[in-house]
Amino acid sequence: MPNGNATPLSESATRLLVRPALPFSYVNFIGHHLLRFLRVMYGLGAFVLITLGVLVTKFGVARRVIHPLVRTQLHRSGLRLLPMVIFLSVALGLVVIGQTVSLLTRVGVNNFLGTVMVTVVVRELGPLLTALLVLARTGTANVIELGTARALGEVESLEVLGIDPIHYLVVPRVIGMALGIFSLTVYLILGALVSGYLWAFIQDVPILPGDYFRQLAAALSGLDFVLLALKTCIFGAVIAIVTCYHGLAQPLQLSEVSEAAIHAVVHSIILCVLVDALFILVYLIA
Amino acid sequence: MTAAAPATFDAPSASSPALEMIDVTVTSLKDPARVVVEGVNWTVGAGDFWVIGGLHASGKSDFLALAAGIVRPTRGTYRVFGRALVGGYENELLAARLRLGLVFDGGQLLNHLTIAENIALPICYHGDCAPADAAARVEELLELTGLAPWAGETPNTISRNWQQRAGLARALALNPEVLFLDSPLTGLDPRDAAWWLEILAQLSAGHPIVSGRALTLVVSGDDFRPWQDRARQFAMLKHKQFLNLGNRPEAAREAALLRESPAVEVN
């Protein structure tokens, strides 16, 4: 007999069905979570379209109110995280160089150092690590702030004043996070590339700075710059929209805010990884 | 009187209605699937002073939220100054919405802004101006509500009464023609209650802060007594129905209905 929330079926009914490989409770569990995830994706899709619509149609509206908000968000998602990003960039340079130098030295191909740095740091780890950092520091704060504002009725206050909550609360966060993640990624990559060479120098790797940076320049293409900008801005927009969606899109009680923050983090990570996978496809095709 | 009886009472204003609800169904703001009031037929003339009575959880806040344009009716038609109000922020609807103001129960201010910034927000947003450009109007509103000493404070550092006054100042910032107030007297001491009754009487008669024009007022509350000598029209929400009690003499004739309200029975 199934356990949990499974609905018991009569013997005649089960005879008509193919017996599932898992007990009904597990099937129900997976189905429940899958359906909920699809429902959230459906809601998120609608929220993305609404946000883009507002971003375009209200581009020049209330500049003197919205621009300071964008600057605040840029500060929160960019400048304030710079010390942490520099620390991470030094650590990333150490991790990548420390591991790859020992590997490349073993097989005697030190001249691939620059290529490895570009592939690992510029294309993959740099943007993803920055996005996760911003998600952890600012994204979660977003859900809590907006969820609390929603629970306390501030969204209705904006509506009654004729202020579109998407324009006032979401648009500055989307722009701020997109530009913030893009800028921080640039600093992270530059820091990791420089610290990478320093760690290689400390390990007595026989490579001159000129050769190292020539290798980097040779490994980089114009497409890298374009895709890096695009990817980091999309990461920022995805994190901002997902966190705003979970904080704002449905009526919340104060007790539900923490749960909304957990869902927002999970969905942000899943979507960022999916976006990253799409960009890997672009790299492979290009 | 039946619940869905048409609003036959339009006096004292004989001009075209400011607000008009025809067979409107009101749903809960927090739970859109829950119907709180059905079959509302209601006409508000310019300059009216309505009091909507009802006990706790009778749907007063949801009714005012719909009337102020936050929620759209799931059924029926709601016209504001002759224009059907639906959701969205399209420019043509925005103009109609800005003629309405709502003071929430407790003010519902934006907690990350100071009191002065809260009041300046609608002026700056719709006028696309810096806070300094709205300073004169904000100063006037702070003086009116006695909030000048707390202008630089954030809402959670002042009492609920002052937050509600800030809500009034913010609602008046854009010079609305119709003002909705959700339970403005709840939890006030007699002195503060007297202040609210006096300021609303002045606004209804035409205060300089609203360019001397008689403001149309719709107030909700759980007790008719404070409003008996001030408001001009009365209605009640009960058992998901909107009961139009008409003007004061009519309301007196509906004493049987009034007595059904426990808030009045206490008297």
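Q: What makes B:L100, B:G101, B:L102 and B:V103, in strand β6 (residues 100-103) of chain B, count as buried?
A: The test is a neighbor count: 20 or more other C-beta atoms within 10 Å means buried, 12 or fewer means exposed, and in between is partly exposed, with C-beta atoms placed from the backbone. All four residues are buried, with B:L100 and B:L102 pointing one way from the strand and B:G101 and B:V103 the other way. As for the bookkeeping, residues are numbered from 1 along each chain as its sequence is written, and chains are lettered from A and ligands numbered from 1 in the order in which they are written.

Q: What makes β9 (residues 233-238) and β10 of chain B a pair?
A: They share six bridges, in the antiparallel sense. B:K238 stands opposite B:Q241 in β10(B). Their hairpin has two residues between the strands, and B:H239 takes a positive phi near 50° there.

Q: Why is strand β10 (residues 241-247) of chain B called mostly covered?
A: Five of its seven residues are buried.

Q: How do you know that the buried residues of helix α4 (residues 135-145) of chain B line one face?
A: The residues in question are B:V138, B:L141, B:L142 and B:T145. Look down the axis of α4(B) and they fall within an arc of 100° (taken over the directions from the helix axis to the C-beta atoms), so they sit on one face. On the other side, B:A136 and B:E143 are exposed. The buried set packs against α3 (115-127) and α5 (160-172) of chain B, and just after the helix B:G146 takes a positive phi of about 70°.

Q: Why is A:L208 called exposed?
A: Because A:L208 has 10 other C-beta atoms within 10 Å, it is exposed. A:L208 is in the loop between α7 (165-202) and α8 (209-219) of chain A.

Q: What makes up the side of chain A that touches chain B?
A: A contact means two C-beta atoms, placed from the backbone, within 7 Å. Chain A puts in 16 residues and chain B 22. In chain A, α3 (63-77) and α6 (154-160) each supply at least two residues, and α6(A) has the largest share, five. By class, chain A's side has seven nonpolar, three polar and six charged residues.

Q: How do you know which part of chain A to read with care?
A: Residues 1-6 stay under 50 in pLDDT, although the model has 13 contacts for them beyond four places in sequence. Where pLDDT is low, the predicted coordinates should not be read in detail. Chain A averages 87, and 92% of the residues score at least 70.

Notes:
Predicted model: local features only at pLDDT ≥ 70, side-chain atom pairs only at ≥ 80, totals over all residues. Nonpolar A, V, L, I, M, F, W, Y, C, P; charged D, E, K, R; others polar. pLDDT = per-residue confidence, 0-100. Pairing = 2+ DSSP bridges.
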